[in-house]
Amino acid sequence: MRLLSLAIPAIISSMCNSFANALWKTQFLETPLNTKSIWALIESVLHWRIIAGVALYGISMLLFFYVLSHFRLSQAVPFLASTYIFNFIMAAVVFHEPIGGMQVVGIVLIISGIILSNLA
C-alpha cells in the first residue's frame, strides 16, 4: 500500500511533465521560438499551448514536492524517471518519431531500475 501511495502521485507528476513537453513541442513545430527581440520572444511564449504546458509543469512540480516530502529521496527520484517513459511514448505516438531497439532497451532498463530501487 505504501508503494502505491508513492507510485500514483509520482506517475501523475511524470505524466503532467510529459504532456507539458508535448504541448511545447507541438507549439514550436507550428511556430519556432522567435528570439529576434524580447517582444518577439514574449509573443512566442504567450500562446495557449505554452501556458497550458507551464500549468501542467507546475502541477508536476507540486506533485513532485509532495512525493519528496513523504518518501525517501532514494525511492522518490527513481520513480520520477518514468517521465522518460512517457516522453518516449509521446514521441512515438504523437510525433511519429522512429523507435530504435536501443531506445526500447533503455526504457526496459528504466522500468527495471524503478522496480529494483523500490523493492527495499
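**Exercise 1. Find out which residues leucine 6 touches, setting aside those up to four places away in sequence.**

Step 1. Start with the contacts: leucine 6 touches Val67, Phe71, Gln75, Ala76, Phe79 and Asn118, once residues up to four places away in sequence are left out. Keep in mind that you're looking at a predicted model.

Step 2. Now place the residue. Leucine 6 sits in helix α1, which covers residues 2-30.

Step 3. Leucine 6 and alanine 76 are 70 residues apart in sequence, yet their C-alpha atoms are 7.3 Å apart in space.

Step 4. Is leucine 6 buried or exposed? Its relative accessible area is 0%, and the cut-off for buried is under 20%, so leucine 6 counts as buried.

**Exercise 2. Work out which residues touch the most other members of the largest nonpolar core.**

Step 1. This core has 13 residues, and Leu6, Ala10, Val67 and Phe79 touch the most other members.

Step 2. Next, see which elements supply it. Those giving two or more residues are α1, α3, α4 (73-80), α5 (82-93) and α6 (101-117).

Step 3. Zoom in on phenylalanine 79. Not counting residues up to four places away in sequence, its contacts include Leu3, Leu6, Ala7, Ala10 and Ile11. Ser14, Ile114 and Asn118 are also among the residues that phenylalanine 79 touches.

**Exercise 3. Describe the nonpolar patch on the surface.**

Step 1. List its members: Leu33, Ile38, Trp39, Ile42, Val45, Leu46 and Ile51. Together they have about 700 Å² of accessible area.

Step 2. Which element gives the largest share? That's helix α2 (residues 38-45), with 4 residues.

Step 3. Take leucine 33 as an example. You'll find leucine 33 in the loop between α1 and α2. With 42% relative accessibility, leucine 33 counts as partly exposed.

**Exercise 4. Look at asparagine 17 and list its contacts beyond four places in sequence.**

Step 1. Asparagine 17 belongs to helix α1.

Step 2. Its relative accessible area is 13%, so asparagine 17 is buried.

Step 3. With neighbours within four places set aside, asparagine 17 is in contact with Tyr57, Ser60 and Thr83.

**Exercise 5. Step back and sum up the chain as a whole.**

Step 1. Count the elements: the protein chain has 6 helices and 0 strands. Read from the N terminus, that gives α-α-α-α-α-α.

Step 2. Get the dimensions. Along the principal axes, the C-alpha atoms fill a box of roughly 50 × 35 × 20 Å.

Step 3. Look at burial and surface. Of the 120 residues, 31% are buried. The accessible surface comes to about 7600 Å², and 76% of that belongs to carbon and sulfur atoms.

Step 4. Finish with the contacts. Among those with a separation of 6 or more, 74% are between residues 24 or more positions apart.

How values were computed:
Residues numbered from 1 in each chain as written. Predicted model: local features only at pLDDT ≥ 70, side-chain atom pairs only at ≥ 80, totals over all residues. Heavy atoms only, no water. Buried < 20%, exposed > 50% of the residue type's maximum accessible area, 1.4 Å probe, protein only. Contact = heavy atoms within 4.5 Å. Patch = residues over 30% accessible without salt bridge, like charges linked within 9 Å, V, L, I, M, F, W, Y side chains within 5 Å. Areas by Shrake-Rupley, 256 points an atom, 1.4 Å probe, with all protein chains shown as cover. Salt bridge = Lys/Arg side-chain N within 4 Å of Asp/Glu carboxyl O. Core = buried A, V, L, I, M, F, W, Y, C linked by side-chain atoms within 4.5 Å.
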